[in-house]
Amino acid sequence: MQHKRTTFRHRGLPYLLLAPQLAVTGVFFLWPAGQAVWQSFLREDAFGLKTSFVGLANYTKLLHDPQYLGSLHVTVIFSLATAALSIVSALVLALAADRVLRGPRVYTALLVWPYAVAPAIAGVLWWFLFNPTIGILSYALRALGHDWNHLLDKTDAMVLVILAAAWKQVSYNFLFFLAGLQAIPASLREAAAIDGAGPVKRFFTIVAPLLSPTTFFLLVVNVVYTMFDTFAVIDATTEGGPAQATNILVYKVYRDGFIGLDLGGSAAQSVVLMGIVIVLTVVQFRFIERKVTY
Amino acid sequence: MVENRRFLDILAHAVLLLGVLAVAFPVYVAFVASTHPSSDFVSGVVPLLPGSEGLATYREVLAGGGSTQMSVPIALALKNSLIMALAIALGKIAISILSAYAIVWFRFPLRQLAFWAIFITLMLPVEVRIVPTFKVVADLGLLNSYAGLSVPLIASATATFLFRQVFLTIPDELMEAARIDGAGPIRFFRDVLVPLSQTNIAALFVILFIYGWNQYLWPILITTDDSFTTVVAGIKRMADVTDGEPRWNDIMATAMLAMAPPALVVIVMQRLFVKGLVETEK
């Protein structure tokens with residue numbers, strides 16, 4: 001690990017400097033995480049009077065629980081669809097913004113502010129737009145012949161949460177794509193143009209490969225976002241329904257733990273989720289260290 | 001731009017305009033809804049042009065009393081949000097800059113261990129350890145308090161890494177010179193490092209303020225008392241109506257009020273915001 005060539009010599013000071021961060025980390029991160037791991041091996045009886053050690057039983061139960069597997073399935077669809085939708089639309093917008101000479105700043109300002117909107121508020125806004133009785137978009141869809149009702153229809157509910165989650169994430173992806181595009185040297189594209197490559201060919205042979213690190217980075221970040229930060233989107237719109245159609249993994253941990261009071265099962269789910277975050281973080285860091293792989 | 005193609009230029013502007021409109025549409029509808037009396041929503045579809053009741057709605061929402069679900073005025077919830085966001089942003093900056101300083105400029109036993117302990121917080125978002133973290137906070141008696149709202153969210157590996165990155169780029173000569181001039185570690189930190197990190201601190205502040213303001217799950221869990229609720233967490237309570245229609249105008253006015261402060265921060269400090277966003281992800 002890197003540090004300075006010359007360092008201060010002091011016995012107590014570094015510990016004192018680290019103390020606040022380590023205290024918060026220990027009390028509110030490591031200890032609860034340890035508790036979750038420990039609890040995942042325990043099972044409480046129905047009255048909460050007796051707790052017994054059950055080994056991996058909570059995990060095997062989880063893997064055989066159709067509801068949990070359903071939730072996993074829903075999470076994968078939701079994550080990939082949200083990531084794909086927000087990445088593709090952000091890329092299109094970034095390509096356009098990179099091309100215009102007049103007003104790229106203004107466009108950027110008008111496109112980035114949704115980053116500041118809380119996921120819960122984004123959920124409420126889209127929930128209102130698609131409200132089956134008074135929503136403007138459900139009204140428009142009805143005029144087109146689709147009877148929208150996300151309270152009853154599973155696909156409608158999924159589309160609603162994907163739109164709300166992607167809407168908020170476009171601004172973030174846009175900024176990173178725009179930065180990536182502006183880092184591509186103009187001489188490369190000019191040389192290709194002189195050799196007769198049109199805009200479409202240039203995009204696929206020069207721009208797309210040079211943007212691949214950014215795209216991969218965004219893919220990981222977006223998957224992390226949809227798996228964890230969209231809790232509020234789900235809670236503000238569908239609450240996991242109808243019939244578990246939008247009950248993603250994070251939401252299920254919360255429901256089973258706080259509303260179902262199944263502490264062992266919820267803890268096992270937490271541990272599985274931690275495993276997923278660890279894998280994603282490692283992938284992200286590995287990648288950033290290697291940086292470019294054309 | 002490489003070559004002159006009128007068609008592509010027009011297309012680019014069209015795409016951008018479409019994007020701007022698509023992004024703004026939900027907020028526009030919310031704004032329009034907040035300016036109509038609640039009776040306008042009974043008849044069917046949401047109106048598309050602003051009404052005239054806007055000021056009255058916002059006044060009523062801010063002062064409270066309109067909704068049966070939220071017993072406190074939104075002005076109070078906004079104040080709670082502000083306190084929580086500021087506490088989280090400033091707290092994270094303060095403890096991260098100190099720990100980054102210790103990690104970069106000191107060599108001491110267990111340094112590696114401390115680094116990993118901080119690093120691991122990246123992998124433990126609050127959503128995956130909700131139940132046990134809630135229990136810790138409850139046992140410490142921090143439910144329904146500003147400390148409970150902010151302190152458990154204060155540890156941040158990203159901020160520590162950002163400061164570590166900044167510190168590593170500061171030339172060694174600066175520290176040697178300071179030492180020759182007789183400056184100790186505390187003086188060097190206060191008079192050299194903090195001034196040098198000013199723009200990074202500001203950029204980080206923008207990002208962390210938005211992060212703190214937008215928290216949702218945490219405030220719902222640990223505030224059972226409405227007087228500590230934040231505006232983002234409170235909006236759900238207003239919308240959860242069991243009998244009859246929700247008061248759409250009040251809900252949308254609250255949504256507008258909840259969005260305005262962080263959106264303004266982003267727009268006014270666009271430079272710092274972009275810098276903060278790009279650098280914390282490096």
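User: Which residues of chain A does the UniProt annotation "transmembrane region" cover?
Analyst: The unreviewed UniProt entry puts that annotation on residues 12–31, 72–97, 109–129, 157–181, 202–225 and 267–288 of chain A. The structure itself is a predicted model.

User: What do residues 12–31 of chain A look like, helix or strand?
Analyst: That span is 95% helix and 0% strand. Its end C-alpha atoms lie 25 Å apart.

User: And residues 72–97 of chain A, how far apart are the end C-alpha atoms?
Analyst: They lie 37 Å apart, and the span is 100% helix with 0% strand.

User: Which residues carry the "domain: ABC transmembrane type-1" annotation?
Analyst: According to the unreviewed UniProt entry, residues 72–284 of chain A. In the model, that span is 77% helix and 0% strand, and its end C-alpha atoms are 22 Å apart.

User: Let's look at packing inside chain A. At what angle do helix H3 and helix H9 of chain A cross?
Analyst: Roughly 135°, and their axes come within 9 Å. H3(A) is residues 66–99 and H9(A) is residues 199–229. H3(A) is therefore oblique to H9(A).

User: Is the crossing of H3(A) and H9(A) left-handed or right-handed?
Analyst: The crossing is right-handed. On H3(A) the contact is made by A:Thr75, A:Phe78, A:Ser79, A:Thr82, A:Ala83, A:Ser86 and A:Ile87. H9(A) puts in A:Thr215, A:Leu218, A:Leu219, A:Asn222, A:Val223, A:Thr226 and A:Met227.

User: How many residues of that contact between H3(A) and H9(A) are nonpolar, polar and charged?
Analyst: Seven are nonpolar, seven are polar and none is charged.

User: Now between chains. How many residues of chain A are in contact with chain B?
Analyst: 82 residues of chain A are in contact with 82 residues of chain B. On the chain A side, helix H1 (residues 13–39) gives the most, with 18 residues. By class, that side has 63 nonpolar, 13 polar and six charged residues.

User: What about H1(A) and helix H3 of chain B, at what angle do they pack?
Analyst: About 135°, with the axes 8 Å apart; H3(B) covers residues 74–105. That angle makes H1(A) oblique to H3(B). H1(A) passes H3(B) in a left-handed crossing.

User: Which residues make the contact of H1(A) with H3(B)?
Analyst: From H1(A), they are A:Pro14, A:Leu17, A:Leu18, A:Pro20, A:Gln21 and A:Val24. From H3(B), they are B:Ile95, B:Ser96, B:Leu98, B:Ser99, B:Tyr101 and B:Ala102. By class, the contact has nine nonpolar, three polar and no charged residues.

User: Where is A:Glu239?
Analyst: In the loop between helix H10 (231–237) and helix H11 (249–259) of chain A. A:Glu239 is partly exposed, with 15 other C-beta atoms within 10 Å.

User: What is the phi of A:Gln244?
Analyst: Near 65°, again a positive value in a residue other than glycine. A:Gln244 also lies in the loop between H10 and H11 of chain A. With 17 C-beta neighbours inside 10 Å, A:Gln244 counts as partly exposed.

Terms used. Residues numbered from 1 in each chain as written. Chains lettered and ligands numbered in written order. Predicted model: local features only at pLDDT ≥ 70, side-chain atom pairs only at ≥ 80, totals over all residues. UniProt positions renumbered as here; feature names shortened; annotations may be inferred. Helix = DSSP H or I, 4+ residues; strand = E, 2+ residues; numbered from the N terminus. Buried ≥ 20, exposed ≤ 12 C-beta atoms within 10 Å, placed from the backbone. Contact = placed C-beta atoms within 7 Å. Nonpolar A, V, L, I, M, F, W, Y, C, P; charged D, E, K, R; others polar. Axes fitted to C-alpha atoms, helices over the stretch in contact; angles between N-to-C directions. Parallel < 35°, antiparallel > 145°, perpendicular 65-115°, else oblique. Left-handed = near helix turned anticlockwise from the far one by under 90°.
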